[in-house]
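Please look over the sequence and the model shown here.

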Amino acid sequence: MRHSHAQVANPLKESGLKSTPGRRAVLQVLGKTSSPLSPEQIHAKVGSEVCDRATVYRILDSLNEAGLLQRVSLKGKTFYLSEQSDHHHHHIVCRECHSTVCLDECLISPLEKKARQLGFQDIHHSLQLTGLCSKCAI
């Protein structure tokens, strides 16, 4: 099932990040696509007048740390997906065409709960699934 990410009122503010034109532009670009984008693709869509390529990389790092996007590695290259949603989930990404499908279930969350019970704090996880979609597998 394809998943449309719900828009959060102000994801930057809610994540404790300053709302800069560059961050807003990167989030807007990622929010308009359901496929992973490379930093170069994001920079091209944001435009040099908003921020340079190095700034886009710094923005992507800060947004990833804040949990506002998901980093995906495909064939040795890094891509990014929007993570603006009101629930935790993972994606499976086609290695060929980069089509993306949301997996609404997270089987790791119970392990995070157990880790909290053991006294761990500030727990994060990521799970990346890749495969070939039905169109590319032919």
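The report starts with the overall layout, then turns to helix contacts, cysteines and selected residues.

## Basis and layout

This is a predicted model, in which local features need pLDDT of at least 70, side-chain atom pairs count only at pLDDT 80 or more, and totals for chains, interfaces and linings use all residues. Residues are numbered from 1 along each chain as its sequence is written, and side-chain values use heavy atoms, with hydrogens and water left out.

The protein has 5 helices and 5 strands. Both kinds of element are DSSP runs numbered from the N terminus: helices are H or I with at least four residues, strands are E with at least two. From the N terminus, the order is α-α-α-α-β-β-β-β-α-β.

Buried residues make up 36% of the 138 residues. Buried means under 20% relative accessible area, exposed means over 50%, and partly exposed lies in between, with a 1.4 Å probe and protein chains only. Take the contacts between residues at least 6 apart in sequence: 51% of them join residues at least 24 apart. Contact here means heavy atoms within 4.5 Å.

## Helix packing

How do helix 3 and helix 4 cross? The axes of helix 3 (residues 39-46) and helix 4 (residues 53-65) come within 10 Å and cross at roughly 115 degrees. That makes helix 3 roughly perpendicular to helix 4. The axes are lines fitted to C-alpha atoms, for helices over the stretch in contact, and angles run from 0 to 180 degrees between N-to-C directions. Angles of 65 to 115 degrees count as roughly perpendicular, under 35 as roughly parallel, over 145 as roughly antiparallel, and the rest as oblique.

Helix 3 passes helix 4 in a right-handed crossing. Right-handed means that the near helix is turned clockwise from the far one by less than a right angle; anticlockwise is left-handed. Helix 3 brings P39, E40, I42 and H43 to the contact, and helix 4 brings R53, V56, Y57 and L60. By class, this contact has 5 nonpolar, 1 polar and 2 charged residues. Ala, Val, Leu, Ile, Met, Phe, Trp, Tyr, Cys and Pro count as nonpolar, Asp, Glu, Lys and Arg as charged, and the others, Gly among them, as polar.

Helix 2 (residues 21-31) also meets helix 4. Their axes come within 10 Å and cross at roughly 75 degrees. That makes helix 2 roughly perpendicular to helix 4. G22, R23, V26, L27 and L30 of helix 2 meet I59, L60, S62 and L63 of helix 4. The residues of this contact divide into 6 nonpolar, 2 polar and 1 charged.

In helix 2, the residues G22, R23, A25, V26, L27, V29 and L30 are buried. Their cover includes helix 1 (11-14), helix 3, helix 4, strand 1 (69-74) and strand 2 (77-82).

## Cysteines

How many disulfides are there? The count comes to 0, taking a disulfide as a pair of cysteine sulfur atoms within 2.5 Å. C94 is in no disulfide; its nearest cysteine sulfur, that of C136, is 3.7 Å away.

## Buried residues

| Residue | Relative accessible area |
|---|---|
| C94 | 3% |
| C106 | 14% |
| S38 | 10% |
| Q70 | 10% |
| S62 | 16% |

The partners below leave out residues up to four places away in sequence. S38 is in the loop between helix 2 and helix 3. S38 touches T78 and F79. S62 sits in helix 4 and touches L17 and R23.

Q70 is in strand 1. Its contacts are N64, F79, Y80, L81, E83, H91 and L127. Q70 and H90 are 20 residues apart along the chain, and their C-alpha atoms are separated by 8.8 Å.

## Positive phi

H98 is not a glycine, yet has a positive phi of about 70 degrees. H98 lies in the loop between strand 3 (90-94) and strand 4 (100-103). D122, also not a glycine, has a positive phi of about 50 degrees. D122 is in the loop between helix 5 (109-117) and strand 5 (129-131). Buried or exposed? At 67% relative accessibility, D122 counts as exposed.
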